[in-house]
Structures are given as structure tokens and as C-alpha cells.
Amino acid sequence: MTVLYALIFAVLALAGVLCLVRMLRGASFPDRIVALDMLLVVVVCGIAVDAARTGTREYLDVLVVASLLGFTGTSLVARFIERRGAR
Amino acid sequence: MEVVSGILMLLGALLALVAGIGLQRFDDVFARMHAATKPATLGLALVMFGAALQLLPDGGAVIKLLLVVLLQFATAPVGSHLVGRAAYRAGTELSDQTQVDELAGVDPE
């Protein structure tokens with residue numbers, strides 16, 4: 001079971017690194033927003049897997065708040081891009 | 001039960017990895033969005049169901065995890081739609097492999 005959890009965390013970390021690379025290379029502003037959105041999903045998945053591994057319930061509220069704030073941030077930045085233009 | 005939840009979480013993590021590779025290999029905001037929105041719904045749901053199986057006797061924890069899935073299923077399409085519309089209206093370059101652009105020449109208002 002420990003090996004399985006290590007594998008899950010390694011895969012999630014690799015996915016997060018790929019998101020970060022896309023955020024840094026960007027090319028355009030919407031690219032970075034898409035990558036940031038996906039990075040938040042990876043972080044939420046990581047917290048959930050850790051909660052399952054250790055059996056702690058303290059961080060479950062963080063998941064709800066993070067997914068809500070992620071949507072708010074994405075839609076705000078989308079409005080911003082629409083007015084200012086993507087660069 | 002433990003093995004089933006572990007496999008569910010591993011499948012969700014692998015979906016996130018596939019989407020990360022897609023973010024690198026596609027050459028267009030819209031194609032990248034197509035890759036990035038898969039783990040936002042199915043991958044997240046798989047991981048949350050796996051974690052919920054692990055925490056099963058605790059009803060409150062399971063409800064919180066299912067709430068995350070519900071919120072994500074409600075908000076992810078709306079957020080993607082907003083980003084896609086903003087990217088197109090702001091004049092983001094399309095990939096040179098684009099075959100059809102049905103919005104070309106349409107008045108934004």
C-alpha cells in the first residue's frame with residue numbers, strides 16, 4: 001500500500017511539474033491560466049490522497065474552498081483578458 | 001476495499017499526468033484546454049471517490065469529498081467556457097493545423 005501511495009504522489013508531482021513548465025513557457029496569457037487551473041486540480045487531488053493515506057480530516061474543508069476559489073479566480077482573469085487582450 | 005480505492009486514485013493521477021503531457025504537446029490554447037479539462041472533472045472525481053472509499057465510515061468526510069466533485073462538475077465547464085471565449089475574442093493565434101474556424105468573421109456583439 002505504501003508503494004501505491006508513493007506511486008500516486010510521484011505521478012501527481014510529475015503532472016504538477018508539467019503544468020508549471022507550461023505556465024512558465026506560456027506563449028500566451030490564456031495558456032498560463034489553463035495551466036494554473038489544472039495545477040489547482042492537481043493540488044486538490046494531492047491533498048485528498050494524503051487525507052486518505054493518513055486518515056486526517058482537517059484538510060477536507062480546504063478542498064471545498066480551493067475548488068470554489070479556483071473557479072472565482074479563473075472567471076475573473078478571463079474577464080480581464082477579454083478587456084485587455086491576450087499577450 | 002483498500003486496493004479498489006488505491007486503484008481509483010492511481011487512475012485519477014494518471015489522467016492528470018496524461019493531461020500534463022497534453023499541455024506540452026498541443027500547440028494551441030484551445031487544444032491545450034481540451035487536454036487540461038479532462039482531469040478537472042473525471043480525474044478529480046476518480047481521486048475523490050477513491051479517498052471517500054478510504055474514509056468511508058466517516059459520513060462527514062465523504063460528504064465533503066462529494067461536495068468537491070459536485071462543485072467542480074458545476075464550475076469547470078463554466079470556467080473553461082469563459083477562458084475559451086476570452087482567448088478567442090482577445091485574438092489568440094490558432095494552430096496552423098486548424099481546419100475549420102466557424103467563428104471567423106462573426107461580429108463579437
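How many helices and how many strands make up the secondary structure of chain A? In this predicted model, the count for chain A is three helices and zero strands. Read from the N terminus, the order of elements is simply α-α-α. The radius of gyration of chain A is 15 Å, well over the 12 Å that the globule rule gives for 87 residues, so chain A is more spread out than a compact globule. The box filled by its C-alpha atoms, taken along the principal axes, comes to roughly 50 × 25 × 10 Å. As for burial, 40% of the 87 residues of chain A count as buried. Looking at contacts in chain A between residues at least 6 apart in sequence, 48% join residues at least 24 apart.

A radius of gyration near 13 Å would go with a compact globule of 109 residues, but chain B comes out at 18 Å. Its C-alpha atoms take up a box of roughly 55 × 30 × 15 Å along the principal axes. Of the 109 residues in chain B, 43% are buried. Among the contacts in chain B with a separation of 6 or more, 63% are between residues 24 or more positions apart.

Within chain A, helix 2 and helix 3 pack against each other, with axes 10 Å apart and an angle of about 175°. An angle over 145 degrees counts as roughly antiparallel, and that makes helix 2 of chain A roughly antiparallel to helix 3 of chain A. On the helix 2 side, the residues in this contact include A:Phe29, A:Leu40, A:Ile47 and A:Ala51, while helix 3 brings in A:Leu60, A:Ala66, A:Gly70 and A:Ile81, among others. Sorted by class, this contact has 14 nonpolar, three polar and one charged residues.

Then there is the meeting of the two chains. Chain A puts 43 residues into the contact, and chain B puts in 47. On chain A, the elements giving two or more residues to the side that touches chain B are helix 1 (2–25), helix 2 (29–54) and helix 3 (60–84). Helix 2 of chain A has the largest share of that side, with 15 residues. The side of chain A that touches chain B splits into 32 nonpolar, five polar and six charged residues.

Helix 2 of chain A also pairs up with helix 3 (residues 59–89) of chain B: their axes come within 11 Å and cross at roughly 170°. The contact divides into ten nonpolar, one polar and one charged.

Finally, the largest nonpolar core holds 56 residues, and those touching the most other members are A:Met38, A:Cys45, A:Ala48, B:Ala13, B:Val47, B:Met48 and B:Ala51. Helix 1, helix 2 and helix 3 of chain A each give two or more residues to this core, and so do helix 1 (2–25), helix 2 (29–54) and helix 3 of chain B. Helix 2 of chain A again has the largest share, at 14 residues. Leaving aside residues up to four places away in sequence, B:Val47 touches A:Cys45, A:Ala48 and A:Val49 as well as B:Met9, B:Gly12 and B:Ala13.

Note on methods:
Residues numbered from 1 in each chain as written. Chains lettered and ligands numbered in written order. Predicted model: local features only at pLDDT ≥ 70, side-chain atom pairs only at ≥ 80, totals over all residues. Contact = placed C-beta atoms within 7 Å. Helix = DSSP H or I, 4+ residues; strand = E, 2+ residues; numbered from the N terminus. Nonpolar A, V, L, I, M, F, W, Y, C, P; charged D, E, K, R; others polar. Axes fitted to C-alpha atoms, helices over the stretch in contact; angles between N-to-C directions. Rg over C-alpha atoms; globule rule 2.2 N^0.38 Å. Buried ≥ 20, exposed ≤ 12 C-beta atoms within 10 Å, placed from the backbone. Core = buried A, V, L, I, M, F, W, Y, C linked by C-beta atoms within 7 Å. Parallel < 35°, antiparallel > 145°, perpendicular 65-115°, else oblique.
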